[in-house]
Amino acid sequence: MVAKKVLTKSAKVLFSIILIIWSIFPIYWMFTLAFRSASELSGNLSILPKSFSLDNFAVLFTKHNFLVALKNSITVTLVSLIISLFIGVPASYLLSRTRFKFKLRNVSLFWVLLVRVIPPIAFAIPLYFIFNSLGWSNTIWPLILANVLLNLPLIIWYLLTAVDGLSESIEESARIDGANEYQIFSEIVLPRLMPAISAVAILSFMTSWNEYLFAVIFTRKPDNFTVPLLLSTMNSEQELTQWGQVGAAGVISIIPVLVFVIFAQKLLKENISAGAVKG
C-alpha cells in the first residue's frame with residue numbers, strides 16, 4: 001500500500017516536471033536564439049549557448065524598423081482596450097440589471113454571443129470593404145476597431161457574470177437615499193467590479209497584442225505593421241528566416257505584456273484586498 005502511494009506520488013512529480021519543461025523550453029529557446037552570435041546560429045546549435053551577442057537586437061531595429069511596429073502594436077492594443085472597456089463595462093451592467101427595460105435586451109445578448117462564436121474571418125471581408133470606403137485603409141484605425149470587435153463580446157460576457165454576482169441590496173439602499181443611476185454605477189458598482197475588470201483587461205490585452213488575422217488583411221504599408229505581422233514578414237519565401245532576429249523580436253515583444261500583466265495583477269490584488277476590508 002505504501003509502495004503504491006510512493007509510486008503514484010513519483011509519477012505525479014515526474015509528469016509535473018515533464019509538463020513544466022515542455023511549457024518553458026520554447027521560451028528558453030527563444031531567449032537563447034536572441035543572444036547567440038550569427039556564426040553560432042549558422043552552425044549546429046546546442047542546448048546551452050556558446051556565445052553572447054546583442055547583434056540580433058541591433059539588426060532588428062536598424063534593418064526591420066521594429067520600433068515602428070512596436071509602437072503600432074502598443075497603440076492598437078491600448079486604444080482598442082480603452083474603447084472596449086468604455087463600452088463593455090456599462091453595457092454589461094445595463095444588460096445584467098432587469099430594472100433597465102428595453103426591447104433589444106435579448107437581441108443585444110444574442111449579437112454579443114454571435115460575434116464571439118462566429119470565426120473572425122467571417123467579418124474580415126465586410127469590414128475590409130467598409131474601412132476601404134471610409135478611406136481608412138492606410139491608417140491603423142481598421143486594426144483598432146477590429147480589435148474592439150474581438151474584445152467587446154469577451155468583456156461583456158465576462159462582466160455579465162461578475163455583475164450578476166453583485167448583490168443589488170446596496171444599490172437599492174443608495175437609490176432610496178436619493179442617488180441617481182450614474183452615482184450608483186460609478187461609486188458603488190464600478191469599484192466592486194474592478195477585480196473582474198482587471199482580469200478581463202489582461203485577457204483582452206493579450207488577444208489584441210497577438211492578433212494577426214486582421215493585421216494581415218487590413219494593413220497595406222510597412223509603416224502600419226504590428227509586431228506579429230512584422231514577424232511573419234521575417235519568415236517568408238522571399239527572405240530566409242533569421243532566427244536570431246526573430247528570437248530578439250519575441251523577447252522584446254514579451255516586455256509590454258509583462259508590464260501590463262504586472263500592473264493589472266497589482267490592481268487586482270489591491271481591489272480584492274480593499275473589498276475584503278470593506279466586507
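This is a short tour of the structure, stop by stop.

**Before you start.** You are looking at a predicted model, where local features need pLDDT of at least 70, side-chain atom pairs count only at pLDDT 80 or more, and totals for chains, interfaces and linings use all residues. Residues are numbered from 1 along each chain as its sequence is written, and side-chain values use heavy atoms, with hydrogens and water left out.

**Stop 1: the whole chain.** Show everything as a cartoon. The protein has 12 helices and 0 strands; here helices (H or I, at least four residues) and strands (E, at least two) are DSSP runs, numbered from the N terminus. Of the 279 residues, 38% are buried, and buried means under 20% relative accessible area, exposed over 50%, partly exposed in between (1.4 Å probe, protein chains only).

**Stop 2: the annotated spans.** Colour residues 12-31, 74-95, 107-131, 143-163, 184-206 and 243-264, which an unreviewed UniProt entry lists as "transmembrane region". UniProt positions are given in the numbering used here, feature names are shortened, and annotations may be inferred rather than shown by experiment. Now pick out 74-95: this span is 100% helix, and its end C-alpha atoms lie 31 Å apart. Residues 243-264 are also 100% helix, with end C-alpha atoms 32 Å apart.

**Stop 3: the core.** Select F66, L85 and F214, which touch the most other members of the largest nonpolar core, a group of 55 residues. Helix α9 (residues 181-209) gives the largest share of this core, 12 residues. A nonpolar core is a set of buried Ala, Val, Leu, Ile, Met, Phe, Trp, Tyr and Cys residues joined through side-chain atoms within 4.5 Å.

Zoom in on L85. Which residues is L85 in contact with, leaving aside neighbours within four places in sequence? They are P90, I155, I197, V200 and A201, where contact means heavy atoms within 4.5 Å. Then find L95, V112, I156 and L160, which are among the 6 residues of a second, separate core.

**Stop 4: an exposed phenylalanine.** Go to F263 in helix α12 (residues 243-278). Is F263 buried or exposed? F263 counts as exposed because its relative accessibility is 55%.

**Last stop: a loop.** Finish at I47, in the loop between α2 (38-41) and α3 (55-63).
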